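Please read them alongside the structure.

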Amino acid sequence: MEINHDDSHRIDINFENIVYSVPVPKQKEKKIVLKGVSGRFKSGELTAILGPSGAGKSSLLNILTGFTTKGVKGTLEMGKKSSNSAQKLCSYILQDDNLYPFFTVNETMLIATNLKISSRCMSHNDKQILIDNILDTLHLVHAKETRCRNLSGGQKKRLSIALELIDDPPILFLDEPTTGLDSSSSTYTIRLLHNLAREGRTIVCTIHQPSATIYEMFDLVYVLAEGYCIYQGSHSNTVPYLASQGFQCPQFHNPADYLLEVANGEYGNFTYQLAKAAIGDQWRTSSSTVYIKDEYENESNSDRNDDGISNDTEEKRISVYTKTSESENLSGKLSFKSSIKTTPSEWTRLWILISRCNVLLFRDWTVTHLKLLLHFISAVIIGLYFGDAGVNANKSISNIGFLIINAVYLWYTSMMPAVLRFPAEISILKKEVFNNWYKLRTYYIATLITSTPIHTLFALVYATVVYFLTEQPPEPGRYLKVMLVYILCTITADGFGIMLGTLVNPVNGTFFGAISSCFMIVFCGFLVLFKHMPVFMRYVSDLSLHKYCLVALTVATYENGRPDIMCPEDSFYCHYSKSSIIMKELGVETETYSLNVLKIIFQLVLFKGIAFFTLRRALVKG
Ligand SMILES: Nc1ncnc2c1ncn2[C@@H]1O[C@H](COP(=O)(O)OP(=O)(O)OP(=O)(O)O)[C@@H](O)[C@H]1O
């Protein structure tokens with residue numbers, strides 16, 4: 001598909017003959033979702049994409065935003081000159097309000113502002129003024145210190161819009177912005193979008209069944225049915241257009257409802273006839289330049305939205321970037337027309353994301369505090385269960401079991417949450433990466449940097465408690481070596497979990513995670529000893545990640561130089577009091593600690609690396 005763009009601030013979207021086809025499983029023929037649709041969405045106008053379910057609304061929106069490129073043919077033009085990529089010109093506000101629940105409105109806005117606008121071109125105070133102006137415009141000032149999880153549906157939607165207004169994109173796309181809102185909140189949101197469009201933005205949204213009041217706020221209505229455009233024109237031309245095609249809209253009937261009834265085929269299938277009649281601009285009238293306030297000035301001033309906000313004054317505040325600015329200079333700096341805002345470097349964004357992750361880790365007590373407590377309790381139980389296995393030669397076999405249990409425990413408790421972690425975050429990530437808040441790799445590095453100390457802490461707390469409760473050798477060298485293996489094993493499991501969670505869906509991820517871990521234990525060489533395995537199975541065991549952890553742990557615990565393990569006085573003979581015998585029995589007498597640690601590090605890097613690509617794939621796939 002050919003794409004041209006323009007970086008000026010008023011940008012029209014022209015698209016011609018867009019055909020979108022998707023493969024159908026087990027069929028040669030592709031399904032054609034959009035069948036050559038064309039149109040023009042102008043700057044300064046609010047456009048609604050309407051149509052029955054399955055008509056292709058979301059598909060068209062995804063193509064216009066650049067979310068979908070595969071299977072698309074036709075021409076999409078944004079402005080006249082070829083310049084930036086389409087994604088840099090537009091923001092896409094998804095249907096779900098993907099917000100971090102633990103941040104307040106002001107914190108969310110501040111983080112987004114810092115990610116979008118460099119501190120070199122705007123001071124912290126100016127950023128706060130910008131945020132206050134946007135929040136004021138969107139009637140969110142009173143909720144400034146409210147955490148996102150406590151916001152109402154309407155407030156969340158407005159915050160999602162506010163976040164994208166920070167860097168003032170010339171084009172805003174919204175997928176069903178009124179879904180889940182009550183009627184007054186829906187009216188309020190669309191009125192807000194109408195007035196934002198009047199400032200020169202191109203605003204396009206998909207919508208289901210708009211009320212008559214909402215319908216009249218759209219400058220352009222673009223109706224799809226069965227992949228064809230069956231109407232493109234102003235709301236006021238809907239009834240004449242339908243009449244020209246032989247459909248008489250009953251008096252007092254909402255034209256939008258009637259249009260959708262026709263599109264749904266309730267009066268027969270006239271899609272092709274309407275598609276032919278809808279070609280061209282003849283049903284479009286020149287847009288009004290007045291704010292909705294003027295059009296609706298007779299509306300009752302007592303209209304209130306879901307948050308109890310009076311709707312009568314909101315239009316006066318619509319100038320987001322110039323209102324309440326202390327000086328002319330500042331006003332200019334925040335102006336919509338201004339292009340002096342520069343984005344921060346990815347390094348700066350990395351630090352912002354690291355601090356965001358850290359705050360999240362601290363505020364979500366289930367992620368850190370609860371897990372830490374559970375690791376401690378588990379360690380005490382397991383430690384007491386194995387007793388003095390570390391110093392009692394009668395319990396040397398139990399001590400090997402103890403090492404296996406630890407490796408498996410840390411592996412599972414690290415891998416399983418990782419499987420579920422990114423699927424939960426992917427919608428937020430998708431929104432923020434797509435809207436150019438930061439690059440995916442920056443986010444990924446930030447999560448690596450913040451999660452590593454947490455995993456280290458979990459492993460250290462658990463392993464230290466069990467180490468001393470089971471009376472393992474009180475030698476600093478051995479302790480440090482053992483701890484290093486546990487830490488690496490925990491971080492590797494995290495990478496493995498992320499890879500699984502982003503490769504398949506969470507349900508399958510947990511299943512594959514459990515199955516693969518079972519096989520890794522079976523093939524680790526400590527349940528069926530290496531020397532008892534069929535020869536070819538020994539090679540299979542090389543694929544077991546647990547093998548390297550357990551070999552390294554055994555070598556660190558029993559390697560040469562360890563004095564004989566104590567045989568209790570009441571025992572006549574202890575076969576496993578010599579560490580060399582234990583190592584020989586397990587078939588690890590020739591293994592070295594450092595080589596196995598290197599193999600674990602290799603796996604760690606491999607899984608974390610693959611996990612980045614699987615995450616990227618999951619993001620693109622949506
Ligand atoms: N990737 C895909 N693979 C298979 N079919 C698809 C794909 N994308 C869209 N479709 C099909 O194309 C049609 C239009 O889908 P789309 O989501 O654009 O409709 P819509 O108008 O937004 O519907 P709704 O209002 O119910 O969300 C549907 O029949 C859908 O199943």
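**Helix packing and annotated spans**

1. Helix H15 (residues 396-434) packs against helix H16 (residues 440-469) at an angle of about 155 degrees, their axes being 12 Å apart. Axes are lines fitted to C-alpha atoms, for helices over the stretch in contact, and angles run from 0 to 180 degrees between N-to-C directions. H15 and H16 are therefore roughly antiparallel (over 145 degrees; under 35 is roughly parallel, 65 to 115 roughly perpendicular and the rest oblique). Helices (H or I, at least four residues) and strands (E, at least two) are DSSP runs, numbered from the N terminus.

2. This is a predicted model: local features need pLDDT of at least 70, side-chain atom pairs count only at pLDDT 80 or more, and totals for chains, interfaces and linings use all residues. Residues are numbered from 1 along each chain as its sequence is written.

3. On the H15 side, the contact with H16 is made by Asn406, Leu410, Ser414, Leu429 and Val433. H16 contributes Leu440, Tyr443, His455, Ala459, Tyr462, Ala463 and Val466 (contact: C-beta atoms, placed from the backbone, within 7 Å).

4. Helix H3 (residues 105-116) and helix H4 (residues 124-137) pack at about 125 degrees, with axes 10 Å apart. That angle makes H3 oblique to H4. Val105, Asn106, Met109, Leu110 and Thr113 of H3 meet Lys127, Leu130, Ile131 and Leu135 of H4.

5. Residues 403-423 are 100% helix and 0% strand, with end C-alpha atoms 32 Å apart. For residues 510-530 the ends lie 29 Å apart, and the span is 62% helix and 0% strand.

Technical notes:
Two residues are in contact if their C-beta atoms, placed from the backbone, lie within 7 Å.
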